[in-house]
Amino acid sequence: MYAPQRQDTIAEDIRENGGMSVTDLAERFGVSTETIRRDLAVLEKDNRVTRVHGGAVAYRDRATNEDPIDDRQSQEADAKTVIAELAAAYLPTSRGSVIVDSGTTTALLAERVAQTDNVSVVTNSLLFAHRLSRHGHHDLRVIGGRVRGVTQAIVGTQAVEDLRGLRADIAFLGANGVTADFGFSTLDPSEARTKEAMVRAARSRIVLADSTKLGEDLLCRFASPEDVDLLITDAKAGHPVVQELRAQGLEVVHP
């Protein structure tokens, strides 16, 4: 079997199985592990697989695919907790109003919001609403609209309309991608429109994003750096995206 034919079959096997090890592939095709590693390098370059330690998994384009929220809660968990702790310092202490966007990092604000007094909360996140309601928070409003199962976010025309009639003190927003030139982006157009409405509905806009989001340009932009007042991240001061955003005048807070 010629290399291109073998590589086509490898890509198909990995796509069907979700992932395969170098050893299993070498045995299947009767070639050395070094040959398989070279094949995987070619396939990864063509965006057909993603190499991992000991093998490869099916390729997923981050610009068009997203993990379910249950999976994302365990990803970068320590970093997200640190970000939520930093964000808590910006919550109104009393008689304020906040909008909380959907996302696994913003959802961690629920326990912090529960410790505030007389703060009105509006959210499009079923995960955040569930967590906050368990603490008995009395002034919680969930906007209307359509639920995206993969993110548990409420989106759509009704969501945008509900937000249009609001003026909150602060909006805490999540982002899947952050760059200095494209700004803050996400994967789904309906979520982007809802986030845009949140940006317009708040006097102050704070984005929470862990370092894996920095340097990513995704499909739909919802805010430029000029639209945001503060970025909270776990990335260090020397991160190139942090430096570029600061050069544009955006305040960035990190541990």
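1. Which residue in β13 is the bridge partner of Thr186? The partner is Cys220. Strands β11 and β13 pair in the antiparallel sense over three bridges; strands are DSSP runs of E of at least two residues, helices are runs of H or I of at least four, and both are numbered from the N terminus. Two strands count as paired if DSSP finds at least two bridges between them.

2. Basis of the note. This is a predicted model, in which local features need pLDDT of at least 70 and side-chain atom pairs count only at pLDDT 80 or more, while totals for chains, interfaces and linings use all residues. Residues are numbered from 1 along each chain as its sequence is written, and side-chain values use heavy atoms, with hydrogens and water left out.

3. Strand β10 (residues 177–179) runs antiparallel to β11 and is joined to it by three bridges. The hairpin between β10 and β11 passes through three residues. Val178 stands opposite Phe184 of β11.

4. The structure holds one aromatic pair. Phe184 and Phe222 form this pair, which is tilted, at 6.4 Å centre to centre and 40 degrees between the planes. Rings of Phe, Tyr and Trp (its six-membered ring) pair if their centres lie within 6.5 Å; planes under 30 degrees apart count as stacked, over 60 as edge-to-face and the rest as tilted. Phe184 lies in β11 (residues 183–186) and Phe222 in β13 (residues 220–223), so the pair ties together parts that are 38 residues apart in sequence.

5. Phe184 and Phe222 are both buried (under 20% relative accessible area, with exposed over 50% and partly exposed in between; 1.4 Å probe, protein chains only). Lys195 lies over the face of Phe222, 5.3 Å from the ring centre; the criterion is NZ of Lys or CZ of Arg within 6 Å of the ring centre and within 35 degrees of the ring normal. Arg28 is placed over the face of Phe29, at 4.7 Å from the ring centre.

6. The largest nonpolar core has 35 residues, and Val178, Phe184, Val207 and Phe222 are among those with the most contacts inside it. Such a core is a set of buried Ala, Val, Leu, Ile, Met, Phe, Trp, Tyr and Cys residues joined through side-chain atoms within 4.5 Å. Its largest share, five residues, comes from α10. A second, separate core of 19 residues includes Leu91 and Ile232.

7. Val207 touches residues including Leu173, Phe184 and Ile232, not counting residues up to four places away in sequence; contact means heavy atoms within 4.5 Å.
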